[in-house]
Amino acid sequence: MSDTNQGNTPVQDDDLPQPEVRKSKLGFSLIWLVPIIAALVGISLMVTHFTSAGPKITVTFLTAEGIEANKTQVKYKNVVIGKVTTMRLSKDRTHISVVIDLEKDAAAFATKGTRYWVVRPRIGASGVSGIDTLLSGAFIGADAGDSQDDQNDFTGLETPPAVTHGAPGRRFVLHASDLGSLDIGSPVYYRRIQVGRIVSYELDKDGKGVSLQLFVDGPNDRFVSKDARFWNASGVDVSLGADGLKLNTQSLATVIAGGVAFQDPPGPHEETAAPEMQEFTLFNDQGTAIAPPDGKPRYIRMRFEHSLRGLAVDAPVEFLGVKFGRVVSVNLDYDEKTQTFPVIVGAVVYPDRLGQAHDKLAKLSGGDGDSEMPKIMSGLVAHGLRAQARNGNLLTGQLYIALDFDPKAKKVEFNPNARPFEIPTTPGDFDHIQEQVASIVDKIEKIPFDSIGKNLDGSLHELNATLKQVNTELLPEAKRTLQGVNKTVGTANDALSEDSPLQQNIGNTLEELQRTIRSVRAFTDYLGRHPEALLRGRGADAAPPVSTPATPKQGKDVQP
Amino acid sequence: MSAPPRAQELGMMSCHVCRLVTAYSEDPHAHCPRCHSALHVRKQGSIARSWALLLAAAMFYIPANVFPIMRTQSLSSKDDNTILSGIFELWRAGSPGLAVIVFTASIVVPMLKFIIMTVLLVSVQRSSGLVSKQRARLYRFVELIGYWSMLDVFVVAILSALVHFQILSRVEPLPGVVYFGVVVVLTMLSAMSFDPRLIWDNRKSQ
């Protein structure tokens, strides 16, 4: 830089203004602060990126419907805790796996027991859920478990879990013969308020029933006492039984979606809250659920000698009016001796339903278990206990079996050791009516309809012959007579008609007669005046008076 | 070499602001006697300043590209786009022309600036006298294209202001756009701090 040194000696120093000289305050260039700040910002960004990165987990689902890489979020209680980064098909193509980047503070969701599911809009019988995802797109729901053990691979649920982890409440198990219209999420009602829902169901191991798990939310779970009774509140329960038409529903929602209701039985019962996972029986309806416990069912058989039209399976069996059991089978039998078809009715009875009566009878009979019931029964049969098919409903003709005492009953043998033991029967009320009808029919039968008929038939024959005679003989004669009469009347008519000759003759005759009478009068007049004419006869005629040129007739008129 | 004499050689220098010609002074703290702005033969610490700003711009360029710059939210979807993914999106959505423009403005132009500035600075520092004219042209080019790379920032700013229908659709700026803006500003500053006279200085010194 020799040139610049050279220039240090200005040529025209005085011509040019001299620059001012001020001391600067700082000795080094501040500009390097800029890249330093940039570097600091960059490093801090890197650091926050790495420190804020949470665990990476993989969740497998059956379908990727609604899931999009880099878009679908993972939410817990609607707070975003992560995001789907990649998505791929499994090698066997049966499912998809989704890689999720969880946020740092969501590390607790990469532990055992955490559940993941896809929240999509779902329209079920029990309602519509996830409607907001219609607009925002599906997201993955998460529910953390209790465990602290890390886990990075999860299997996603296909349906949202009915109960989120840590929700207050308790689970219980219900046993039912079938699922009915219940489903996961079906409501559980207590006094018609929804307090829980069905969480899961599965077939029993032996396949003979269904076990349902239900969750009752706190604090209402305390109402599930140890003695609580659960019943299926699904649908409309219409039953037309011997006791009439019954219609029962829980709520409109259950009609569509099904549901379970529970309640404490009336009367004394244990009121302490049931422990978690206690097992209950699911009854078919409220009636049977609330009824006192049935105890062990016993099978009895009855043999009826007459038709049992109207007796259906499930018809009630009543003991002195107490519902005691139900008919389970109605079958025909054949009796070789009498060549009849008796009806064999099988019924299941619950002696415990008789309450105190049963306890006392059991104590008296002193039997135990299986033998006690026949013993009681043999005593009762000896006192006239008989089964009778009675008409429970005149309108529908439904029959039920009544066990009642008939003091007039004939003694029958009762074998208490027979299995199943048979209760003697007596014809029902309806059969009495039938007997009466039969006797009426008998009496009617005795009426000699045959001979009555025959006699009536003969009489009718005779009548027929008579009528024939009348027809052939009498009627033509009469006809002829009438014709004669007709002719006569015609002749008479002719004779009497105005222009008939007879009529004219009569007229002439009458005229003649008139003339005759006139001449007679003239004669008598003449005689009056000339009585001598009788003797002398008539003189010569006097000259006719000139003044009276009248005819004799005129002369007559003038005379009087 | 009969190169024209330079002011320095004639013992003169001029004020950058009011263009007053003064006597030459080596004192770095010299000030213009008329307008009192700093006087120097060449921009003070021009190379260092350019380097520093260029480096800072390069550093910010990374987050500018890594972070999403814009969030478009509509009824059914929410999209976070970085500069590159936005370009892909445009290309896929059937506007390759727009994609090319955005690519040029947001990727090509900043990259060109980085490269050209680096070339200029290195060549000046190494006192290379080669192709001075072309380098001068490059410098002018950098100055010219500098502000065009603000295109992305403008797009985001305008969209955010215009598209604001709450739930229906919304465009929001995301942190990436800030870094990108910083990159653009820093590269412009870097180009401004560079003293193009240095290109010719070296030729003379040879």
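Predicted model: local features only at pLDDT ≥ 70, side-chain atom pairs only at ≥ 80, totals over all residues.
Local features need pLDDT of at least 70 and side-chain atom pairs count only at pLDDT 80 or more, while totals for chains, interfaces and linings use all residues. Residues are numbered from 1 along each chain as its sequence is written.

Let's start with chain A, which holds 12 helices and 26 strands (DSSP runs, H or I of at least four residues for helices and E of at least two for strands, numbered from the N terminus). Of its 560 residues, 30% count as buried, that is, under 20% relative accessible area with a 1.4 Å probe, protein chains only.

Now look at where chains A and B meet through helices. H2(A) (residues 33-52) packs against H1(B) (residues 46-66) at about 15 degrees, with axes 8 Å apart; axes are lines fitted to C-alpha atoms over the stretch in contact, and angles run from 0 to 180 degrees between N-to-C directions. Because angles under 35 degrees count as roughly parallel and those over 145 as roughly antiparallel, H2(A) is roughly parallel to H1(B). On the H2(A) side, the residues that meet H1(B) include Val34(A), Pro35(A) and Leu45(A); among their partners in H1(B) are Leu53(B), Met59(B) and Phe60(B). Contact here means heavy atoms within 4.5 Å.

Within chain B, helix H2 (residues 83-92) and helix H3 (residues 96-125) pack at about 160 degrees, their axes 7 Å apart. That angle makes H2(B) roughly antiparallel to H3(B). Among the residues making this contact are Ile87(B) and Trp91(B) of H2(B), with Phe103(B) and Ile107(B) of H3(B).

Conventions
Chains lettered and ligands numbered in written order. Heavy atoms only, no water. Buried < 20%, exposed > 50% of the residue type's maximum accessible area, 1.4 Å probe, protein only. Parallel < 35°, antiparallel > 145°, perpendicular 65-115°, else oblique.
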